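Hi,

Here is the structure I promised to pass on.

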Amino acid sequence: MSRLNICPNAYYNYRKHRKNAKQNTKASILKTIERIYHEAGGKPGYRMMKQLLENRGVHLSVQTVRKYMNVELGLKSVTRKPKYRYHKGPEAFHISENLLNREFTADARNTKWCIDFTYLFLADKKKRYNCTIIDLYDRRVVASANSNRIDTELAITTVSNALKSCHGETGMILHSDRGSQFTSKEFVEFCKENYNAEYELPRLSV
């Protein structure tokens with residue numbers, strides 16, 4: 001220090017002030033990042049934040065913005081799932097009377113059936129659909145069928161399988177929800193007709 005005629009105290013004060021100035025600049029940038037983040041509703045990620053900072057004359061590398069935002073401030077982009085848009089199904093061909101009237105018990109087999117769909121998630125992450133009919137007398141599965149489509153054809157297949165397994169008994173009530181598969185023209189007309197000479201189709205209830 002003596003060769004440059006610089007007092008040690010002056011040198012260390014210079015370093016201290018320089019460090020303080022750097023810290024003040026960083027603190028100001030952090031406050032700016034927080035303000036931009038909250039004004040934008042938490043949407044910006046660090047890449048977007050870099051551009052928004054540049055629009056305000058603050059030029060930083062992507063790595064620095066990521067460090068300030070994600071690590072030091074703990075701010076991350078808030079990703080929102082897209083709002084579900086309801087798609088109205090086809091208009092009901094016919095809605096049957098609710099014959100069960102919330103009486104989900106039965107005094108004998110093959111007098112009251114319930115039919116419904118459910119989802120199956122397989123090991124390969126593919127989704128399939130199941131349609132099952134249960135007997136309200138003992139909750140046994142009367143028939144069940146799977147498909148890669150949740151449609152009227154799957155419902156008709158399940159009812160056909162159920163009729164084959166009931167050994168000629170007829171006159172049961174088939175209760176479902178008001179899904180388009182059960183109120184479609186194809187399903188209603190199928191249930192109005194005879195399956196074959198041996199079986200009479202069940203009465204519909206929703």
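**What I found**

The protein chain has six helices and five strands, where helices (H or I, at least four residues) and strands (E, at least two) are DSSP runs numbered from the N terminus. Along the sequence they come in the order α-α-α-β-β-β-α-β-α-α-β. Before you read on: this is a predicted model, in which local features need pLDDT of at least 70 and side-chain atom pairs count only at pLDDT 80 or more, while totals for chains, interfaces and linings use all residues. Residues are numbered from 1 along each chain as its sequence is written, and side-chain values use heavy atoms, with hydrogens and water left out.

**The chain as a whole**

Of the 206 residues in the protein chain, 33% are buried. Here buried means under 20% relative accessible area, exposed means over 50%, and partly exposed is in between (1.4 Å probe, protein chains only). The chain exposes about 14600 Å², and 48% of that comes from carbon and sulfur atoms; these areas are from the Shrake-Rupley method with a 1.4 Å probe, and for residues only the protein chains shown count as cover. Taking contacts between residues at least 6 apart in sequence, 57% join residues at least 24 apart, with contact meaning heavy atoms within 4.5 Å.

Start with α2, residues 46-55, where M49, K50 and L53 are buried. Looking down the axis of α2, these buried residues fall within an arc of 105 degrees, so they line one face of the helix. After α2 comes G57, with a positive phi near 85 degrees.

What does α2 pack at an angle of about 110 degrees against? Its partner is helix α3 (residues 62-72), and the two axes are 9 Å apart. Axes are lines fitted to C-alpha atoms, for helices over the stretch in contact, and angles run from 0 to 180 degrees between N-to-C directions. α2 and α3 are therefore roughly perpendicular, the word for angles of 65 to 115 degrees. Y46, M49, K50 and L53 of α2 meet V62, V65, R66, M69 and N70 of α3. Those contact residues divide into six nonpolar, one polar and two charged; Ala, Val, Leu, Ile, Met, Phe, Trp, Tyr, Cys and Pro count as nonpolar, Asp, Glu, Lys and Arg as charged, and the others, Gly among them, as polar.

**Two arginines with positive phi**

R102 is not a glycine, yet its phi is positive, near 65 degrees. R102 sits in the loop between α3 and β1 (112-121) and is exposed, at 70% relative accessible area. R139, also not a glycine, has a positive phi of about 65 degrees. R139 is in the loop between β2 (127-135) and β3 (141-147) and is partly exposed at 47%.

V141 is in strand β3 and is exposed at 52% relative accessibility. Neighbours within four places in sequence aside, V141 contacts T132, I133 and I134.

Finally, in α6 (residues 185-192), F187, V188, F190 and C191 are buried. Down the axis of α6, they fall within an arc of 160 degrees, so they line one face of the helix.

Cheers

Conventions. The arc is that of the directions from the helix axis to the C-beta atoms. Angles under 35 degrees count as roughly parallel, over 145 as roughly antiparallel, 65 to 115 as roughly perpendicular and the rest as oblique.
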